[in-house]
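My entries follow in the order I made them.

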Amino acid sequence: MFAAYATITIFAALLFGSSSVIYLIGHEFPKAQLDMKGLPRAWGPVLGTMLALGSLGLLGGFAIPMLGTLAAYSLVLYFTVALLAHLRVGSRKLGNWSLFFATSVAVLGANLLHHWW
């Protein structure tokens, strides 16, 4: 079980970490997404920081299991709210969202199975 947990966690940390970098450097894609959802561009660095903290929390879960669990729950919540932001403006382009949400659910499941069951 540890191999699956470690693989999913490292993949998720890399995925969310790279996404956070894209938000934090001010790339055009996150700006366009914020504009499309009617959110202020000033939220970009905040959202990027939240993703970075989630990524670091997942990695910290190797040392402190509860930290990884809380980070995984937080990422599921983050992407649930992202879905609501999409639906609020009528966006049906959910391809990227589904990858990120599925990854956050998978890392939460792997974390719970490895540490708590």
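What follows are my notes on helix pairs, then on single residues.

I am working on a predicted model, in which local features need pLDDT of at least 70, side-chain atom pairs count only at pLDDT 80 or more, and totals for chains, interfaces and linings use all residues. Residues are numbered from 1 along each chain as its sequence is written, and side-chain values use heavy atoms, with hydrogens and water left out. Helices are DSSP runs of H or I with at least four residues, strands are E runs of at least two, and both are numbered from the N terminus.

**H4 with H5.** I began with H4 (residues 65-88) and H5 (residues 95-116). Their axes lie 9 Å apart, at an angle of about 155 degrees. Axes here are lines fitted to C-alpha atoms, for helices over the stretch in contact, and angles run from 0 to 180 degrees between N-to-C directions. H4 and H5 are therefore roughly antiparallel. The cut-offs are under 35 degrees for roughly parallel, over 145 for roughly antiparallel, 65 to 115 for roughly perpendicular, and oblique for the rest. I noted a left-handed crossing for H4 and H5; that is, the near helix is turned anticlockwise from the far one by less than a right angle, whereas clockwise would be right-handed. By class, this contact holds 17 nonpolar, seven polar and no charged residues. Nonpolar covers Ala, Val, Leu, Ile, Met, Phe, Trp, Tyr, Cys and Pro; charged covers Asp, Glu, Lys and Arg; the others, Gly among them, are polar.

I checked the length of H4. Its 24 residues should span 34 Å at 1.5 Å a residue, and the end C-alpha atoms are 35 Å apart, which agrees. The expected span is 1.5 Å times one less than the number of residues. Next I listed the buried residues of H4, among them Gly-68, Ala-72, Leu-75, Phe-79 and His-86. Buried means under 20% relative accessible area, exposed over 50%, and partly exposed in between, with a 1.4 Å probe and protein chains only. The buried residues of H4 pack against H1 (2-24), H2 (28-36), H3 (43-60) and H5. Just after H4, Gly-90 has a positive phi of about 80 degrees.

**H3 with H4.** Which residues of H3 meet H4? I found Leu-47, Met-50, Leu-51, Gly-54, Gly-57, Leu-58 and Gly-60 on the H3 side. The class count is ten nonpolar, four polar and no charged. The axes of H3 and H4 are 7 Å apart at about 145 degrees, and the crossing is left-handed. The buried residues of H3 include Gly-44, Gly-48 and Ser-55.

**H1 with H5.** The axes of H1 and H5 come within 9 Å and cross at roughly 145 degrees. This crossing is left-handed. The contact divides into twelve nonpolar, seven polar and no charged residues.

**Two residues.** Is Thr-9 buried or exposed? Thr-9, in H1, counts as buried at 1% relative accessibility. Leaving aside neighbours within four places in sequence, I found Thr-9 in contact (heavy atoms within 4.5 Å) with Leu-58, Phe-62 and Val-107. Leu-84, in H4, is exposed, with a relative accessible area of 53%. The C-alpha atoms of Leu-84 and Lys-37 are 10.0 Å apart, and 47 residues separate the two along the chain.
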